[in-house]
Amino acid sequence: MLTDPRFTTEVELTVPFHDVDMMGVVWHGNYFRYFEIAREALLNQFDYGYRQMKASGYVWPVVDTRVKYRSAVVFEQRIRVRAQIEEFENRLRIAYQIFDAETGKRTTTGYTIQVAVEESSREMCFVSPAILFERMGVMP
């Protein structure tokens, strides 16, 4: 696990009405949107957001993901979404935790795995490209 603070971030959100079902609980698919918001903030911390990825000649599709719902998140609840890079050498694995912003209680955990795909050839890379290491300031 990386300990550099640039490889962890938190964003705070308030659950909007359009994210909940008729019982006022966040619809399960929206957790991936919250992960996405945190992931984008995380990647921008070391200047390798989606625009920079594309400009570098690589796209990074999500190829695997998981979410574990520990307790319900509801309409107008303020939440903190934490994203942290766990792996980067061959793939980008990012772990997520969602907390109630007021109590600090963890409500959700999950992860995503992204792999580099060379945009011109559409070939998947089995090792992360050098540009990722450069932007992160690390060596594999």
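Here is a short tour of a predicted model, stop by stop, for your viewer.

**Stop 1: the largest pocket.** Start by selecting A95, Y96, Q97, T109 and G110, which lie nearest the centre of the largest pocket. The pocket holds about 160 Å³ of space, and its lining comprises 13 residues. Now colour the strands β3 (62-69), β4 (78-87), β5 (92-100) and β6 (106-114): each supplies at least two residues of that lining. The largest share, four residues, comes from β6.

**Stop 2: a three-stranded sheet.** Next, show the open sheet with strand order β2-β7-β8, where the pairing is antiparallel. Its edge strands, β2 (58-59) and β8 (123-124), each pair on one side only. Zoom in on β2 and β7 (residues 117-118), which are joined by two bridges; V59 has V117 as its bridge partner in β7.

**Stop 3: salt bridges.** The whole structure contains ten salt bridges. Select E10 and R82, whose closest N and O atoms are 2.7 Å apart. This pair links distant parts of the chain, with E10 in strand β1 (residues 8-14) and R82 in strand β4, 72 residues apart.

Then move to helix α1 (residues 30-45), where R39 and E36 sit three residues apart, about one turn of the helix. Their side chains meet in a salt bridge at 2.1 Å, N to O. Which of these two is buried, and which is partly exposed? R39 is buried, because its relative accessible area is 4%, under the 20% cut-off, whereas E36 is partly exposed at 26%.

Key:
Residues are numbered from 1 along each chain as its sequence is written. This is a predicted model: local features need pLDDT of at least 70, side-chain atom pairs count only at pLDDT 80 or more; totals for chains, interfaces and linings use all residues. Side-chain values use heavy atoms; hydrogens and water are left out. On a 1 Å grid over the protein atoms alone, a cavity is a set of points where a 1.4 Å probe fits but cannot get out, and a pocket is an open set with protein on both sides within 12 Å along at least five of seven lines; lining residues have an atom within 4 Å of a point. Grid points are joined across faces, edges and corners, and a volume is the space filled by probe spheres set on the points. Two strands pair if DSSP finds at least two bridges between them. A salt bridge is a side-chain nitrogen of Lys or Arg within 4 Å of a carboxyl oxygen of Asp or Glu. Buried means under 20% relative accessible area, exposed over 50%, partly exposed in between (1.4 Å probe, protein chains only).
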